[in-house]
Amino acid sequence: MITAILIDNVWATRKAESLNGLKFMLAEVIGGSNEGERMVVVDIVGAGIGDRVIVTTGSSARRMLGDDAIPVDACVVGIIDEDCQFT
């Protein structure tokens, strides 16, 4: 899983039928070696622009949608309320 911030909505009026009804957003990775990388994610938790989120990728993202045949590679699975710092 990775952390990201949602920076915009993504509108796709023409897409694969299996993607109908899904909410797409543009996310920017925060932290780690991929910081700053952008990706399109499917939001299933009702997050919004400016929210810091937890994103799962690959087959785990498809499983969150309940169908391994859906062509999705990244899915928002949580909204970060606050960071915990370990010492």
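Trainee: Let me start with Val45: which two strands does its loop lie between?

Mentor: Strands here are DSSP runs of E with at least two residues, helices are runs of H or I with at least four, and both are numbered from the N terminus. Val45 sits in the loop between β3 (38-43) and β4 (52-57). Before we go on: this is a predicted model, where local features need pLDDT of at least 70 and side-chain atom pairs count only at pLDDT 80 or more, while totals for chains, interfaces and linings use all residues. Residues are numbered from 1 along each chain as its sequence is written, and side-chain values use heavy atoms, with hydrogens and water left out.

Trainee: Is Val45 buried, partly exposed or exposed?

Mentor: Buried means under 20% relative accessible area, exposed means over 50%, and partly exposed is in between (1.4 Å probe, protein chains only). Val45 is at 35%, so it counts as partly exposed.

Trainee: Which residues make the nonpolar surface patch?

Mentor: A patch takes residues with over 30% relative accessible area and no salt bridge; like charges are joined within 9 Å, and nonpolar side chains (Val, Leu, Ile, Met, Phe, Trp, Tyr) within 5 Å. The areas come from the Shrake-Rupley method with a 1.4 Å probe, and for residues only the protein chains shown count as cover. Here Ile44, Val45, Met64 and Ile79 make a patch of about 300 Å².

Trainee: In what order do the strands of the barrel run?

Mentor: Two strands pair if DSSP finds at least two bridges between them. Five strands close into a barrel in the order β1-β2-β3-β5-β4, with mixed pairing. For the parallel sense, look at β3 and β5 (residues 74-79), joined over two bridges, with Val42 opposite Cys75. For the antiparallel sense, β4 and β5 share five bridges, and Ile54 stands opposite Gly78. β1 (residues 2-10) also pairs with β4 in the antiparallel sense, over four bridges, and there Thr3 stands opposite Ile54.

Trainee: How many salt bridges does the whole structure hold?

Mentor: You need a side-chain nitrogen of Lys or Arg within 4 Å of a carboxyl oxygen of Asp or Glu. The search finds two. In one, Asp43 meets Lys23 at 3.0 Å, N to O. That pair links distant parts of the chain, with Asp43 in β3 and Lys23 in β2 (residues 23-29), 20 residues apart. Asp43 is buried at 6%, whereas Lys23 is partly exposed at 34%.

Trainee: And what are the details for Arg38 and Glu28?

Mentor: Their closest N and O atoms are 3.0 Å apart in a salt bridge. Arg38 belongs to β3 and Glu28 to β2, 10 residues apart. Arg38 is exposed at 54%, and Glu28 is partly exposed at 23%.
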